[in-house]
Amino acid sequence: VITRIGGEGFDLPRYQGESEGAVSADSHYLELDRNEIDMIDMVCSEGFDRVIVVFNIPSAMEASFVEENDDIDAAIMMGFPGGEGVMALGSILNGDVTPSGHLVDTWSANFKKDPTFVNFGTGPTPDYTDRMNFASDDEAEYYFVDYEEGIYVGYRYYETRYATYDGPVAALESEGDEDFDTADEWYAANVVYPFGYGLSYTTFSYEIVDKPDSAVTLAKGEPVPVTVNVTNTGDTYSGKAVVQLYCELPYVEGEIEKAAKVLVGFAKTELLGPGDDTEVTIEFDPYDAASYDVNGNNGNGCFVLEAGDYALCVSTDVHTVVDTVECTAASDIVFDEAAEEGAA
């Protein structure tokens, strides 16, 4: 069991520091410490039939060790389930219940190579620099964080970097951002578990029902329904599947900045026995893929779905596409009003 703190009024530390078992003072808090490394080595050398890592944590963590260690058979992210929720863990591990959750974060291989890493504050330590001191040392201090990454956080950064990969970013070379030959090699080396990733004790197939023969024309206020037939293709376990829908967006250099892919919907099936199937429908509203244009609406700012070709991707996680619906916007679609009454 790997555990970390974190919650309301109880932020995570940034570094392991001088704590007992720290790999080094500047090893960050969301990688294994020496005690955990030694524990895993010991357990994996004892000849157990199965070794399962349970992440009892509130956040993503560096988990390359799960994939790199052949003696680890499985891992489960249980989060912070509370005193009662933890009672379900045994039923999941022994197979009475089939897990169906999916990750809501990107689990990257090296957090220090994530461009957001340098934007986290170190907090009120003797040598911290991210502070403002308006008067003397006897008066209140304020420490702060500058959020400079814009929209490129989590999967939006990794999927955009993947889609536009043409070599290492100069600012990251010092952290070992090697010059991979292909985008696939770069992604495999940098992402352990993508956003939306999750396994089951059974398997599923996905097929779009009545898939259009040509690109669907997008229009304001006209949702596009995507119906997916989901089949439990296993022969032993019942389970629930999660259908995820992402939109791939066009980008024109010099126009509105946007991520390469965004989540626009998801749905979970009911419990399906072996061989059972069902249909789920997710409606895509073009507004959900619109990008903010600070200069739009006569300089007042608005959301715009730019003209171009789009793809609605039925996926098992943000990076694994199983089927697509092609779409197109013949001209810019401008949303210069709030999405709903009272919204900003």
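Predicted model: local features only at pLDDT ≥ 70, side-chain atom pairs only at ≥ 80, totals over all residues.

Three strands make up an open sheet in the order β8-β10-β13, and their pairing is antiparallel. From one strand to the next, the twist averages 25°. Between β10 and β13, the antiparallel pairing runs over eight bridges. Within this part of the model, V228 sits opposite V280 of β13.

Next up is helix α1, which covers residues 34-44 and has E36, I40 and C44 as its buried residues. They span an arc of only 60° around the axis, so they end up on the same side of α1. What do they pack against? The buried residues of α1 pack against β1 (2-3) and α2 (64-68).

Last stop: N190, which is part of helix α6 (residues 183-190). N190 has a relative accessibility of 7%, and because buried means under 20%, N190 counts as buried. Leaving aside residues up to four places away in sequence, N190 touches S108, A109, K113, Y158 and F180. With K113, the side chain of N190 also makes a polar contact.

Two distances from the tour, side by side:

| Atoms or groups | Distance |
|---|---|
| N190 side chain and K113 side chain | 3.3 Å |
| D33 side-chain oxygen and N35 backbone nitrogen, at the start of α1 | within 3.1 Å |

Technical notes
Residues numbered from 1 in each chain as written. Heavy atoms only, no water. Pairing = 2+ DSSP bridges. Helix = DSSP H or I, 4+ residues; strand = E, 2+ residues; numbered from the N terminus. Axes fitted to C-alpha atoms, helices over the stretch in contact; angles between N-to-C directions. Buried < 20%, exposed > 50% of the residue type's maximum accessible area, 1.4 Å probe, protein only. Arc of directions from axis to C-beta. Contact = heavy atoms within 4.5 Å. Polar contact = N/O pair within 3.5 Å; in protein donor to acceptor, adjacent residues only side chain to side chain.
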